[in-house]
Amino acid sequence: MTTLTVTARGQVTFRKDILKHLGVQPGGKIRLDLLPDGLAELTAERQDRSFRELHGFLKDRTNGVRFSLDEIADAIAESGLLELAATLPTA
């Protein structure tokens, strides 16, 4: 558990390890939902992104290795990620 100190101006500062855990980068946003009984839920705000933004994402990171779509699908199936994804709640 982490305790944050509130300044006289009502601000708090999150340590780098907390921001890393949340996946928040500089300029990112954090969502705070107020719950009953004085509780709050804090989550990183996720941006909806286009699949097209991934174009070139792995350029110069594959050591020249290329995989077919079938090879990629097989790797995903072997990893068990599809089963894990099926257990996650949908928006």
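Me: D17 has a relative accessible area of 43%, so it is partly exposed. What does "partly exposed" mean?

Reply: Buried is under 20% relative accessible area, exposed is over 50%, and partly exposed lies in between (1.4 Å probe, protein chains only). This is a predicted model, in which local features need pLDDT of at least 70 and side-chain atom pairs count only at pLDDT 80 or more, while totals for chains, interfaces and linings use all residues. Residues are numbered from 1 along each chain as its sequence is written, and side-chain values use heavy atoms, without hydrogens and water.

Me: Which residue meets D17 in a salt bridge?

Reply: Side chains of opposite charge can pair when their charged atoms come close. Here D17 is joined to R15, at 3.0 Å from N to O; a salt bridge is a side-chain nitrogen of Lys or Arg within 4 Å of a carboxyl oxygen of Asp or Glu. R15 is partly exposed because its relative accessibility is 44%.

Me: How many salt bridges are there by this rule?

Reply: The count is 2. R31 and D33 also form one, with their closest N and O atoms 3.0 Å apart. R31, at 44%, is partly exposed, and so is D33, at 24%.

Me: Where is the bridge partner of D33?

Reply: It is E41, in β2. Strands β1 (residues 30–34) and β2 (residues 40–44) pair antiparallel over 5 bridges; pairing needs at least two DSSP bridges, and a strand is a DSSP run (E) of at least two residues, numbered from the N terminus.

Me: What is the phi of D37?

Reply: Most residues other than glycine have a negative phi. In D37, phi is positive, near 60 degrees. D37 lies in the loop between β1 and β2 and is exposed, at 77%.

Methods: Helices (H or I, at least four residues) and strands (E, at least two) are DSSP runs, numbered from the N terminus.
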